[in-house]
Amino acid sequence: MHGELESAGFARRVMHWQKMHGRHDLPWQGSCDPYPVWLSEIMLQQTQVTTVLNYFPRFLQRLPDLPSLAAAELDEVLALWSGLGYYSRARNLHRCAIAVMQWHGGRFPASAAQLQRLPGIGRSTAAAISSLCFGERVAILDGNVKRLLTRALGFGADLSIATNEAALWELAAKLLPKYDLKKNMPRYTQAVMDLGAGICSASKPQCAVCPLGALCRARQQGRCEHYPVKSRRLQRGTQTIWLLWAQRQDQSVWLLQRPNVGIWAGLYSFAGFDSRDALLAHVPVSLRAGAHDAPAFKHALTHKDLLLHPVQVPWRSNVGLPGPGSWIAADDWPGLGLPAPIRKLLAGGNVAMPN
């Protein structure tokens, strides 16, 4: 299976296509500096390129290199990440920067095996960094590339089974370029990423313009939509959260830092409750008449939807505190790590204070 693609010049075909038709203007391309490549790879996990393009330059402007990231406070990193989601990536990014400074003298190791030992860097991300920056002959296998290769190879084994995924890794490695690796590995890696993200899309793949169109087993079978095979898929759930939006006359808001586990781990947020009654139980009786329900809305996470019900409560300064947390001034909360929906609520308007 792989031998046919290999003898048909799989690597040569995709590299030629990338040179002529691939992406060349992404801000992290054209550099052998591992820092921006690593940053982009972490940002691109579970996130569209168009979204990352809005965050990447702002992050680099504030934290332009590894030492500045390692020296930054985690709250600052989370604030720069706010809205990108999957905040464990930002925490691991910070941990990784500190580890590289401490363990490797501030220089990323050149091998995927060593990179994979760092916080937040998995096998595919390590391979992307080492192949793009150092020309190491290692395969990447992110979600897009899995789709590309399983279709091209006609690989119909269930990838939810570890041994089958390991077999795909082996096949991916056999398709890699074998010569002039400093030049060809970055080109090849970028090629399979570009093809997987653009041409070989999950729905409506552009087989007619794909450089692998004549070789692709899935196209020959007319079954592109059947690849990759993964039988175990997580079921989406829902969770309802009532949010206490307490705000004082000076526009300061009450925020608490969430635990380091669970949704929005380590971020600053409104206090959350399972019901409106539970929320109002934390509001003094003298303030309950001023409570106002803002429009409820849905916020999608990876494996579940959050149904968020903000309740605005004007809070007089002579009344006791809402609970654990602290009052954050209007000038200060934009610099904190906030979940995207909380940031949007705060940016969208203030609580109407009673006369």
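Student: Which residues line the second largest cavity?
Tutor: In this predicted model, the space in question amounts to about 50 Å³. Its lining, that of the second largest cavity, is made up of Val138, Ala139, Ile140, Val145, Leu149, Ala172, Leu176, Tyr188, Thr189 and Val192.

Student: Which element gives the largest share of the lining of the second largest cavity?
Tutor: The elements that contribute two or more residues to the lining of this second largest cavity are H10 and helix H12 (181-199). Of the lining, the largest share is 3 residues, and the element from which these come is H12.

Student: How do the residues of the lining of the second largest cavity divide into nonpolar, polar and charged?
Tutor: Among the lining residues are Val138, Leu149 and Thr189. By class, the lining of the second largest cavity divides into 9 nonpolar, 1 polar and no charged residues.

Student: What volume does the largest cavity have?
Tutor: When cavities of 30 Å³ or more are counted, the model has 2 of them. For the largest cavity, the computed volume is about 100 Å³.

Student: Which helix gives the most to the lining of the largest cavity?
Tutor: The largest cavity has 14 lining residues, and those that lie nearest its centre are Leu148, Cys200, Cys207, Cys210 and Cys216. By class, this lining holds 10 nonpolar, 2 polar and 2 charged residues. With 3 residues, the helix that gives the most to the lining of the largest cavity is H10 (residues 143-153).

Student: Turning to the pockets, which residues lie nearest the centre of the largest pocket?
Tutor: The largest pocket holds about 1,700 Å³ of space. Its lining consists of 49 residues, and those nearest the centre of the largest pocket are Leu44, Gln46, Asp142, Gly143 and Asn144.

Student: Which element gives the most to the lining of the largest pocket?
Tutor: Two or more residues of the lining of the largest pocket come from each of helix H3 (34-43), helix H4 (49-62), helix H9 (123-134), H10 and H12. By class, this lining has 18 nonpolar, 20 polar and 11 charged residues. The element that gives the most to the lining of the largest pocket, with 7 residues, is H12.

Student: Which element gives the most to the lining of the second largest pocket?
Tutor: The second largest pocket has a volume of about 500 Å³, and of its 23 lining residues the closest to the centre are Gly85, Tyr86, Tyr87, His299 and Leu301. Two or more lining residues come from each of helix H7 (88-103), strand S6 (297-300) and helix H16 (340-348). With 3 residues, the element that gives the most to the lining of the second largest pocket is H16.

Student: What distance does H7 reach from its first C-alpha to its last?
Tutor: H7 is among the elements that give two or more residues to the lining of the second largest pocket. H7 has 16 residues, and at 1.5 Å a residue the expected value is 22 Å, to which the computed reach is close, at 21 Å.

Student: Which elements are included in what covers the buried residues of H7?
Tutor: The residues of H7 that are buried are Arg89, Ala90, Arg91, Leu93, His94, Cys96, Ala97, Ala99 and Val100. What covers the buried residues of H7 includes H3, H4, helix H5 (66-71) and helix H6 (74-81).

Student: Which glycine follows H7?
Tutor: The glycine that follows H7 has a positive phi, near 60°. This residue is glycine 105.

Key. Residues numbered from 1 in each chain as written. Predicted model: local features only at pLDDT ≥ 70, side-chain atom pairs only at ≥ 80, totals over all residues. Heavy atoms only, no water. 1 Å grid on protein atoms, 1.4 Å probe; cavity = no way out; pocket = protein on both sides within 12 Å on 5 of 7 lines; lining within 4 Å. Points joined across faces, edges and corners; volume = space filled by probe spheres on them. Helix = DSSP H or I, 4+ residues; strand = E, 2+ residues; numbered from the N terminus. Nonpolar A, V, L, I, M, F, W, Y, C, P; charged D, E, K, R; others polar. Expected span 1.5 Å × (residues − 1). Buried < 20%, exposed > 50% of the residue type's maximum accessible area, 1.4 Å probe, protein only. Contact = heavy atoms within 4.5 Å.
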